[in-house]
Amino acid sequence: MAKLYFNYSTMNAGKSTALIQAAYNYRERGMNPYLVTAKLDNRMGTSKIVSRIGIEEEASVFELADDLYYRVKSLLKEIMINCILLDEAQFLSKSQVWQLARIVDQLN
């Protein structure tokens with residue numbers, strides 16, 4: 001059964017580091033995480049999730065106009081996705097949060 005989790009904390013608490021570690025752990029078990037971050041957050045470049053301790057991962061980017069449900073549904077036709085790890089969730093629109101819930105409910 002698919003689940004949707006939201007982790008939050010103060011700045012410099014290690015959220016991006018934990019996300020990168022989770023992606024590593026999924027890959028170690030032969031699984032495929034789909035990493036996503038906001039295009040608006042370009043402090044360290046685009047298409048990257050970067051931790052202040054110096055580790056980074058390539059990621060897809062989303063914008064406010066993007067339909068995340070449609071994107072994931074289309075990707076699932078091409079590749080297996082075992083989890084979605086999204087950084088910088090504060091840049092999601094309300095409808096995109098509902099799209100993520102719909103991914104869990106309808107695409108498992």
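The notes below cover the cavity, a helix pair and the nonpolar cores.

This is a predicted model, where local features need pLDDT of at least 70, side-chain atom pairs count only at pLDDT 80 or more, and totals for chains, interfaces and linings use all residues. Residues are numbered from 1 along each chain as its sequence is written, and side-chain values use heavy atoms, leaving out hydrogens and water.

**Cavity**
- The count comes to one cavity of 30 Å³ or more (points on a 1 Å grid over the protein atoms alone where a 1.4 Å probe fits but cannot get out).
- Tyr34, Val36, Leu68, Arg71, Val72, Ile84, Leu86 and Leu100 line the cavity, each having an atom within 4 Å of a point.
- H2 (68–76) gives the most to this lining, with three residues; helices are DSSP runs of H or I, at least four residues, and strands are runs of E, at least two.

**Helix pair**
- H2 and H3 (residues 94–107) pack at about 35 degrees, axes 8 Å apart, with axes fitted to C-alpha atoms over the stretch in contact and angles running from 0 to 180 degrees between N-to-C directions.

**Cores**
- The largest nonpolar core has 13 residues (buried Ala, Val, Leu, Ile, Met, Phe, Trp, Tyr and Cys joined through side-chain atoms within 4.5 Å; buried means under 20% relative accessible area, 1.4 Å probe, protein chains only).
- H2 supplies the largest share of this core, four residues.
- A second, separate core of eight residues includes Leu19, Ala23, Ile49 and Ala59.

Terms used. On a 1 Å grid over the protein atoms alone, a cavity is a set of points where a 1.4 Å probe fits but cannot get out, and a pocket is an open set with protein on both sides within 12 Å along at least five of seven lines; lining residues have an atom within 4 Å of a point. Grid points are joined across faces, edges and corners, and a volume is the space filled by probe spheres set on the points. Buried means under 20% relative accessible area, exposed over 50%, partly exposed in between (1.4 Å probe, protein chains only).
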